[in-house]
Amino acid sequence: SGTGVRNDFTDPDPAKRKASVDLVKKWIIAAEKLGAPVIRVFSGTADVKDLPREKVVDYMVQCMKECTEFGKAHGVIVGIQNHNDFIKTADQAIEVIKKVNSEWFGLILDVGSYRTGDAYAEIARSIPYAVNWQLKENLYLNGEEQKTDLNRVMKLIVERGYRGYIPLETLGEGDPKVKAPLFLGEIRSAMSKIGQ
């Protein structure tokens with residue numbers, strides 16, 4: 001359903017941002033060869049507290065636009081993941097998506113990375129921009145980690161009309177080979193409860 005790369009478009013050093021753009025472009029080529037429709041990128045984790053947020057968003061968006069145009073030329077959608085880094089809220093993710101303004105750019109919706117307020121409200125607002133997901137076992141409500149209410153998330157997905165892939169990500173203790181099938185069973189149960 002997709003692949004990903006670890007980049008940093010928030011770094012104030014233009015040479016480091018260019019290196020990240022070049023890395024994303026290489027992985028877009030890899031995604032094209034794999035037949036992966038989406039590549040996941042991050043905003044970044046650079047220490048930018050001394051810079052105005054708008055300035056960082058501006059140069060980050062320029063990197064995203066360059067990668068998105070390259071992705072379009074190779075048939076690969078670029079998706080920024082909300083990852084509790086520079087992008088922490090639905091509003092921040094949506095701001096970047098609107099500024100890039102391309103059908104070839106969207107959101108990798110990570111349910112476990114909205115860490116303040118009501119994660120379900122953030123998810124609901126983000127779904128129209130989702131091009132792929134990170135559906136996790138746990139998410140945060142008002143800063144408190146708790147088990148994801150899959151009935152609620154699946155209902156939001158159906159109500160908002162999302163029709164793409166929904167990759168699962170199992171984190172924490174336990175063998176993923178054991179956890180993933182159990183998690184998938186919980187998702188199937190949630191889908192059957194809403195008639196899907």
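User: Which residues in α4 are buried?

Analyst: This is a predicted model, where local features need pLDDT of at least 70, side-chain atom pairs count only at pLDDT 80 or more, and totals for chains, interfaces and linings use all residues. Residues are numbered from 1 along each chain as its sequence is written, and side-chain values use heavy atoms, with hydrogens and water left out. Buried means under 20% relative accessible area, exposed over 50%, and partly exposed in between (1.4 Å probe, protein chains only). In α4 the buried residues are A119, Y120, E122, I123, A124 and S126.

User: Why is helix α4 described as largely enclosed by the rest of the structure?

Analyst: Helices are DSSP runs of H or I with at least four residues, strands are runs of E with at least two, and both are numbered from the N terminus. Helix α4 covers residues 119-126. It is largely enclosed because six of its eight residues are buried.

User: Which elements do the buried residues of α4 pack against?

Analyst: Contact here means heavy atoms within 4.5 Å. By that test, the partners of the buried α4 residues are α3, β4, β5 (130-136), β6 (138-141), β7 and α5 (150-160).

User: Which residues does I123 touch, leaving aside those up to four places away in sequence?

Analyst: I123 sits in helix α4. Its relative accessibility is 0%, so it counts as buried. Its C-alpha atom is 8.1 Å from that of V153, 30 residues apart along the chain. Beyond its sequence neighbours, I123 touches L109, V111, Y114, W133, L139 and L156.

User: Which residues have the most contacts inside the largest nonpolar core?

Analyst: A nonpolar core is a set of buried Ala, Val, Leu, Ile, Met, Phe, Trp, Tyr and Cys residues joined through side-chain atoms within 4.5 Å. The largest one here has 53 residues. Helix α2 (residues 53-73) gives the most to this core, with eight residues. The residues with the most contacts inside the core are I80, L109, I123 and W133.

User: How far apart are the end C-alpha atoms of α2?

Analyst: The expected span of a helix is 1.5 Å times one less than its number of residues. For the 21 residues of α2, that gives 30 Å. The model agrees, with the end C-alpha atoms of α2 separated by 30 Å.

User: What covers the buried residues of α2?

Analyst: The buried set in α2 is V56, V57, Y59, M60, V61, C63, M64, C67, T68 and G71. Several elements take part in covering these residues. Among them are α1 (14-34), β2 (38-41), β3 (77-81), α3 (90-100) and β4 (105-110).

User: Is N101 buried or exposed?

Analyst: N101 lies in the loop between α3 and β4. Its phi is positive, near 55 degrees, in a residue other than glycine. Most residues other than glycine have a negative phi. With 65% relative accessibility, N101 counts as exposed.

User: What is the relative accessible area of N84?

Analyst: N84 is in the loop between β3 and α3. Its phi is also a positive value, near 55 degrees. N84 is partly exposed, and its relative accessible area is 27%.

User: Which residues line the largest pocket?

Analyst: On a 1 Å grid over the protein atoms alone, a pocket is an open set of points where a 1.4 Å probe fits, with protein on both sides within 12 Å along at least five of seven lines; lining residues have an atom within 4 Å of a point. The lining residues of the largest pocket are G112, R115, K136, E137, N138, Y140, E145 and L171.

User: How much space lies in the largest pocket?

Analyst: Grid points are joined across faces, edges and corners, and a volume is the space filled by probe spheres set on the points. For the largest pocket, that space is about 160 Å³.

User: Which residues does E145 touch, not counting residues up to four places away in sequence?

Analyst: E145 lies in strand β7 and is one of the residues lining the largest pocket. It is partly exposed, with a relative accessible area of 47%. Beyond its sequence neighbours, E145 touches N138, L139 and Y140.

User: What separates the C-alpha atoms of Q146 and G112?

Analyst: Q146 is also found in strand β7 (residues 144-147). It counts as partly exposed, at 32% relative accessibility. Q146 and G112 are 34 residues apart along the chain, and their C-alpha atoms are separated by 9.6 Å.
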